[in-house]
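Please read these points with the coordinates open.

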Amino acid sequence: MQNPYEAEQIHDIVREGLAQVLGTDADEITPDATLVGDLGAESLDLVEFRFEMETKLGVALPKSNVLDQLATALGGSERLYDERGGITELAAEVLRRSAFGYSPEQVHAGLRPYEVAAAATSAHWAAFTHAIFDHLPENCTECGADKAELAVSGKAVCAGCGAALEAATGDEVMAEGVRAALAALGEAQPVG
């Protein structure tokens, strides 16, 4: 099924959710403002934000991060970090190719993992959340229809019968993206 959301709709929902959690106005949450550095979000704020988004949209955001998924895909983390603990160019390139949409200025080799997390913006979370809705089932399991729409609640439902639609989880979408990035980069992945 086609994603029933426009990218800007998701970004507005993400900005409103962040504003609610951070106690600020949504207009202050610009696409390039980092959640941690610019907006002052703390780890508990991000947990609350995640819960709000999952509840409002009916999706499962990722429990892991791209670097964890990359380590799993490569069968270990040896190629992810340099001798100082910064990320390698391979890790940076996979992050840039991820659904979060980091730019080369935001994520580059040498950054420490906490600096990668601190680079996240509302636009990154909106892009990733929108990508989750690109992973709706092809057909409704209830009636077989192939079109999705938004219910009054704001959740994705089958346009044929109104049944709630379950997208792939954030972790599944992230793992798929890591595998696709590695394949595009010509990186072999372990079997099994």
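1. In α3, residues V66, Q69, L70, A73 and L74 meet D171, M174, A175, V178 and L182 of α7, where contact means heavy atoms within 4.5 Å. The residues of this α3 and α7 contact divide into eight nonpolar, one polar and one charged; Ala, Val, Leu, Ile, Met, Phe, Trp, Tyr, Cys and Pro count as nonpolar, Asp, Glu, Lys and Arg as charged, and the others, Gly among them, as polar. Helices are DSSP runs (H or I, at least four residues), numbered from the N terminus.

2. This is a predicted model, in which local features need pLDDT of at least 70 and side-chain atom pairs count only at pLDDT 80 or more, while totals for chains, interfaces and linings use all residues. Residues are numbered from 1 along each chain as its sequence is written, and side-chain values use heavy atoms, with hydrogens and water left out.

3. The axes of α3 and α7 (residues 170–184) come within 9 Å and cross at roughly 60 degrees. Axes here are lines fitted to C-alpha atoms, for helices over the stretch in contact, and angles run from 0 to 180 degrees between N-to-C directions. The two helices are therefore oblique to each other (under 35 degrees is roughly parallel, over 145 roughly antiparallel, 65 to 115 roughly perpendicular, and the rest oblique). The crossing of α3 with α7 is right-handed, that is, the near helix is turned clockwise from the far one by less than a right angle.

4. α3 also packs against α4 (residues 89–97), at an angle of about 120 degrees and with the axes 10 Å apart. This crossing of α3 and α4 is right-handed. V66, L67, L70 and L74 of α3 make the contact with L90, A91, V94 and L95 of α4. By class, that contact has eight nonpolar residues, no polar and no charged.

5. α1 (residues 7–22) and α2 pack at about 135 degrees, their axes 9 Å apart, which makes α1 oblique to α2. The contact includes I10, I13 and V14 of α1, and F49, M53 and L57 of α2. Its residues divide into nine nonpolar, two polar and four charged.

6. The largest pocket has a volume of about 630 Å³. A pocket is an open set of points on a 1 Å grid over the protein atoms alone, where a 1.4 Å probe fits, with protein on both sides within 12 Å along at least five of seven lines; lining residues have an atom within 4 Å of a point. Grid points are joined across faces, edges and corners, and the volume is the space filled by probe spheres set on the points.

7. Of the 23 residues lining the largest pocket, L46, S64, N65, A117 and W125 lie nearest its centre. The largest share of the lining, five residues, comes from α2.
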